[in-house]
Structure formats: structure tokens, C-alpha cells
Number of protein chains: 2
Amino acid sequence: MPRFPASSPAIAAMSGSVYSSVAERLRSWSGEVIPLNIGDTWMEPPEGCRMEDLTVAEHPGMHRYSPPAGLKELRRAVATHIGARSGLATSPDEVMISAGATAALSTAVGALLDPGDEMLIMAPYWPLIAGMCQAFRGTPVPVPFFAGPEVPTSAEEAVDAFRRRRTERTVAIYLNTPHNPSGRVLPREWAEALVAWAAEEDLWVISDEVYDEFVYAGEHVHLRPLDPARVITAQSFSKAYGMTGNRCGYLVGPAATLAELKKIGTHTYYCAPTPSQLAALRALESGAGADWAAHARQRYAELGRAAAAKLGEPVPAGSTFLFPDVSPQLDERGLVGFLERCADRGLLVAPGPSFGPYPTHVRVCFTAAPPEQVLRGFDILAELLGR
Amino acid sequence: MPRFPASSPAIAAMSGSVYSSVAERLRSWSGEVIPLNIGDTWMEPPEGCRMEDLTVAEHPGMHRYSPPAGLKELRRAVATHIGARSGLATSPDEVMISAGATAALSTAVGALLDPGDEMLIMAPYWPLIAGMCQAFRGTPVPVPFFAGPEVPTSAEEAVDAFRRRRTERTVAIYLNTPHNPSGRVLPREWAEALVAWAAEEDLWVISDEVYDEFVYAGEHVHLRPLDPARVITAQSFSKAYGMTGNRCGYLVGPAATLAELKKIGTHTYYCAPTPSQLAALRALESGAGADWAAHARQRYAELGRAAAAKLGEPVPAGSTFLFPDVSPQLDERGLVGFLERCADRGLLVAPGPSFGPYPTHVRVCFTAAPPEQVLRGFDILAELLGR
């Protein structure tokens, strides 16, 4: 039946704006706005790896299409880079460049899930992963994991958390480490147990490791070496090298599987931006990216400690977020009232319900603005929380 | 049921590589390769609108995320631009910036079609539009229109061609003018009749007008003014200003509908690349884009005439393609044999079946390489066709 002027009911049922439900409130605020609701960095990308550094003289045709799977040179460089970092030899055929890690993950969801299929998602979760299941008419199933009352405390409990929510329609699990929004990292033993369980159950493992450069305590566990035929890893230059707006990321996985995922990429955005691929290639090959990441890691670690101290929260082990439970400060207006009290002071934080069943949490990014401004934001938050 | 190690059957059934089935053949060729199989331009984008022109000093934070619907300044500039070109006053809320027109169209397909829904597609068609229906598990229904034995010759026949293929599952029609791959433009009377019929049937109209700067005979008909509540127009800076690799395009449509489409965009690629949006803004505001397009239009018109003359085909009225029927030259190996004979001379052309039920056609782009090279390509083609 025609549906004009409506859109698909499944899409109409999705919530629209992911992070900014109280942005309206800010209109009456004339002071400093501190936007800690988005995951971004205040730092410009490394010198030599900016758009101004890419000339037509040096790169004729640099504004033209690239192949849908990415520039060959970049796929080769990524294969070398991730092979060395993860300890698993990787060929360029096992790398697909994408329009950011968002596009990388949406190709995996679109190619592996049929409508009605379920994906188990480690929660609290990055909001877009749930929405991309819905965009392809799959069902995201949150698995409470790193926050709230039901958190597992062992590898066995970690597997149990997933097992309890598995149904006949489950086809994949989504893991994310270092973790957005909790700031935790997945212990090696837990990662091994989860991947082994997925193998028993014949499930795909989609592993989001875009914050792998930002671990401050413990280690980053690369999931792909645990089961290279099963694990598809999403990665990005956005977080590692301060290039979120470039929209360039990548997947690492079995070559035959990536050929399937590429069909979704080709038909949703065609190819990653060519200039952004050249910028990423420079960051990888010149070493400027690694230097930038090392410097950022140190600054972020300091900021994470300082931010956590102001709130009396645990120091984050990785990523760029804290995810405090603010329930003691909620009145009869609940979280919306709290978000509005933040906005009335110019502070934007992201509401817990965007991240799963977390009605009393907020996510705060400690790298989204210059350090002094971030710390002013945490002072406001500490004051509002009476901490 | 788990499906590891398989992907979704619907995606496995899609063909993978869209244009380049005989690329392998080229490996044994050491001469000049003439790639007329892709729709692109040999010209660099306008000076002042290249990546090297965008500096962090002038645009602090230019490598960071933009809002999912695009930079406000760009939405405003596009609204002014398209309002003036189409004659329909357009507000920035009626503009959504996307990661190229490909992403623009995929958000429309993803938000308007439910799995199993059908879209009627003017054929021969741009291959990605059929694939994006499949990516979202809809069904593309080709409507033979601008090539082959069943072409309509009046507005009434044009409507009949669509009407005959409409079913209970049809929710949208896809029109494209100037037309890829036939080089034709939709006459005003036909456009009006088709949009009026869509209104009678309560169907959405998705109008792909990315070649609107490239009309050499007749006029470009903007479809949105015919029924602004129903027509969603996809546009791009890629073709108009030589920026295909930048991945920046846009949709113009009803604000409430774009808010639905934005959900798909947010969850497949998040936002268009920020530097590419700034480049597009410069092209629009400085007038350099319009100058480039005017110059390109003249060069393309000459090339189209020359290419058509070599093959004895009708001169294209618009776009950058010819779509000759090569059936007289096919032997028992059919089109594959012909494509291989082209590849054996270094010439790549796109196979007709990628564009719908056209087993004996090929698409040839007359702007994808420098003019002298394009003309050499057409000489080879003319020779192989005995024309």
C-alpha cells in the first residue's frame, strides 16, 4: 500500500536526534557553552596531515572517486599498521576503508542481519549501533555489562549476560573496547571467553575498537587474533588522529566477508572521501599520527583523572568518557530536569537513555573541548551533583 | 538461526562489483588504459575550492564532526542556490547535506521503503539505485523508458510505462534527468504527467538531478516545483564542480520528511565530511563553482557531439554518457566477448546489464578521461563496432 506522506513505520518509530534533547534550552543562555555531549577532541589533527597539506600538484585527481574498498596504498598501509599492532598478520584484502567507523559498522550490520534478526549489544552502548540495527530493520538487544545493577564481575558472568539474551534470531554480538561510554576496557580473559562462546553458538563478533589508542590502565585487547574467521573489527582515524570530520575509518575481517559488506557500503555512500584517505595515509606513513596519538593519550589520561576526581568517580581506564549515575540528584522531573539544570549553566551532557536502559546516567566527554573548558564543565557538574 | 560464516542471503544474492567485470582482463595489457566505464571528470575542481585552499588557521575545527544534516552555512547557501535555480523558494530546513548524492538517495530509499516494498525505476538506470533498494531489502522494478524496444514516445505512454508496473507494494518512483546512462533529458510535459500520476497514486517521487548543470539541448526540468510535498530531489557537488571524491551532496524535500531520512544518514555514515562541505560552500559562494560548471558544460557538449559522431549515435542532450546498442557486433560469446575485445585494446566500458534489462548495450562516459584520450577510446569503439 502507498504510504505517502508517511515514511516507513519502522523509521518513524526511531528517535531522531541522538544526543541533544535539551539543545533548545540553550537558546536563552548567553554565556559560555560547554559541549561535553559529543565524542570529539579539541585538538587539530597532526601537522602535515591536514587538508591544507594535500595539493593537486602532488596528488593529481585527488578529488575524484576512490575504489569502493578504498585506495590500494591505504589498504596496504592499514594492513601493515594493524598487523603490527594486533600481532595478527593482515593482508590488504582483509581491510576495507569506509566513510568513518560509523559507515564501517553499518555495512557490517546491513550485510550480516536480515530484517528481524537480533544483535546482542554490550551496554551501555554507543547510541548509533542500536540505531543502525533499526535502520536495517534488525533488533538491537542490550546486554547490561559495564554499568547499572547487573554488571558481570567475571568472565563467566560476562558470558552468562550474553547467553541469557540469545534467541533463535541472534546472529551477531557487538563488543566495544575501550568502552564508550563507561571508560572501561574489556579484560583479556573476558574477551577470550566471549569470543569462544560466540564460536560455540555460531555467532558473528563485531568488535568496535576505535578508542584503541586511548588506554590509560591495563591493556587494549585486539579481538580479531582470537578468532580471525569470526571477528570483524571496526577502526577509525577519527579518534586516533583527531580527524572525526574527515569520515574515514576501516574494517578488518575475512576477505570474503568484507566483499559482502562492501556491497552495503557501495550502495549507501559508495566510497570514503579520497582526500580523507590521503590524509590518513600520511598520518600512518609519516609517523605523525602515532606521535599525535601518544601526545593525546597523555593529555587525555590527565584530563580523565582530573575529571573523575572532581566527580568522585573511578578513573577511566580508556576512551574519552565518564558515565556517572546521577540518580541522587534527580527530582520529580527526572533526568530531563537534570539535563535542563546543566543546560541552564551552558553545559551539555548526553542523556543515559541514549545508551540503553540507563534512565539515571549521563555521559560526559572529557576531550570534546579545550582542557580548561572541560574542567570548568566538570566543576559545574560536580556542583550540581553536590560532589 | 545463526548464519555464520554466511552473510544475509539477500546481500549474498546481490552482484558485487558494479562496473568492472572485465578488469581482470587488463592485467595482460601493457598499453594505455582508457577507463570510460566510470562516471567522472578529468578536470580538477575550481581553484580556491580545493582541499589545499582550506586552512585550519581560517577554519579552526574544520576536521571535526559537522551536524548530521550538514553545516548551517552550507544548508543556507544551498537553499538560496537551488531556490534561485528551480524557481521554488527553499528554506535551509528543506535541505539535508549528505555524503554524496549516493548517500542522499540511500537515505531516501532506506526511510521510505520497508522490506519487500517496491520502487519503480526509470530504466536504463544508474546501477546503484537498484542496489540500494536491495541493500534495504526493497525491490527495484525497472521501467523501460529511455532505451530498448519499449521506449515511450509521449507523456501518456510515459505514464503508462510506470502504471503497468505499479503493484500494491509500490511506494515510490525514481526519475532521473539529465539521464544516466542514455544522455536524454525528460521533457517538461512528461515530467508533469509523471508527477501528477504519482500524486493520484499516492507515491513518493525521488528525483535524481545530479547532472542538472549538463544540458546541451532542451531544458533541465526541476521536478520539485511540480509537487513540493511529494518530490525529494537528490543533488551533488560532485558532478557540477568536479568533486566526486569529496563525497558531498544534498537532498531537497519537505522538512518533516528530511528529518526521517536524516535518521538513516545518521546511522549509516553520521555526517558528510566537514572539509568537503567547506569546499562546496566556497564553490557556491565565490561563484567559482558556477564558472567551472559553465566551462565544463561547453567542453562536455563538444565532447558529446564528437563522441556521438564517431559512433553514429544521436548527440546526447545531457549528462556525460552514451548508451549504444552493440548487438550487431556480438558473437556467440555475447556482451562479455565484446567487453573483452574492448579490454584487449585497453578500453573499459560499462556493461548494459548493470543498468537493467539491456543485454546488448554498453555505457560509455565521455568525460572520464582527458579529451584526447576519450576520443581515442571512441575511435577504438567505433572500429570494434565497424562504424
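Residues are numbered from 1 along each chain as its sequence is written, and chains are lettered from A and ligands numbered from 1 in the order in which they are written. Because the model is predicted, local features need pLDDT of at least 70 and side-chain atom pairs count only at pLDDT 80 or more, while totals for chains, interfaces and linings use all residues.

In the contact between the chains, 73 residues of chain A meet 72 residues of chain B, two residues being in contact if their C-beta atoms, placed from the backbone, lie within 7 Å. On the chain A side, two or more residues are given by each of helix 1 (9–12), helix 3 (100–112), helix 4 (127–135), helix 8 (255–268) and helix 9 (274–286). Helices (H or I, at least four residues) and strands (E, at least two) are DSSP runs, numbered from the N terminus. Helix 8 of chain A provides the largest share of this side, nine residues. By class, the side of chain A that touches chain B holds 36 nonpolar, 21 polar and 16 charged residues. Here Ala, Val, Leu, Ile, Met, Phe, Trp, Tyr, Cys and Pro count as nonpolar, Asp, Glu, Lys and Arg as charged, and the others, Gly among them, as polar.

Within chain A, helix 10 (residues 288–311) packs against helix 12 (residues 371–385) at an angle of about 20°, and their axes are 8 Å apart. Axes are lines fitted to C-alpha atoms, for helices over the stretch in contact, and angles run from 0 to 180 degrees between N-to-C directions. The two helices are therefore roughly parallel to each other, as angles under 35 degrees count as roughly parallel, over 145 as roughly antiparallel, 65 to 115 as roughly perpendicular and the rest as oblique. The residues of this contact comprise 11 nonpolar, no polar and two charged. Those from helix 10 of chain A include Leu303(A) and Lys310(A), and those from helix 12 of chain A include Phe378(A) and Asp379(A).

Chain A also has an open sheet of three strands in the order 9-12-11, with antiparallel pairing; two strands pair if DSSP finds at least two bridges between them. Strand 9 (321–322) and strand 11 (350–351) are the edge strands, each pairing on one side only. Two bridges join strand 11 to strand 12 (residues 362–365) of chain A, and Pro351(A) stands opposite Val362(A) in strand 12. Pro351(A) lies 7.5 Å from Leu335(A), C-alpha to C-alpha, at a separation of 16 residues in sequence. Leu335(A) belongs to helix 11 (residues 334–343) of chain A. Leu335(A) is buried, with 21 other C-beta atoms within 10 Å. A residue is buried if 20 or more other C-beta atoms lie within 10 Å of its own, exposed if 12 or fewer, and partly exposed in between, with C-beta atoms placed from the backbone.

In chain B, a cis peptide bond with omega of about 5° joins Phe4(B) and Pro5(B), and Pro5(B) is in the segment before helix 1 (9–12). The peptide bond from Thr177(B) to Pro178(B) is also cis, with omega near -15°. Pro178(B) is in the loop between strand 5 (170–176) and helix 6 (188–200) of chain B. Arg137(B), which is not a glycine, has a positive phi of about 65° and is buried, with 20 other C-beta atoms within 10 Å. Arg247(B) has a positive phi of about 55° and is buried, with 31 C-beta neighbours inside 10 Å.
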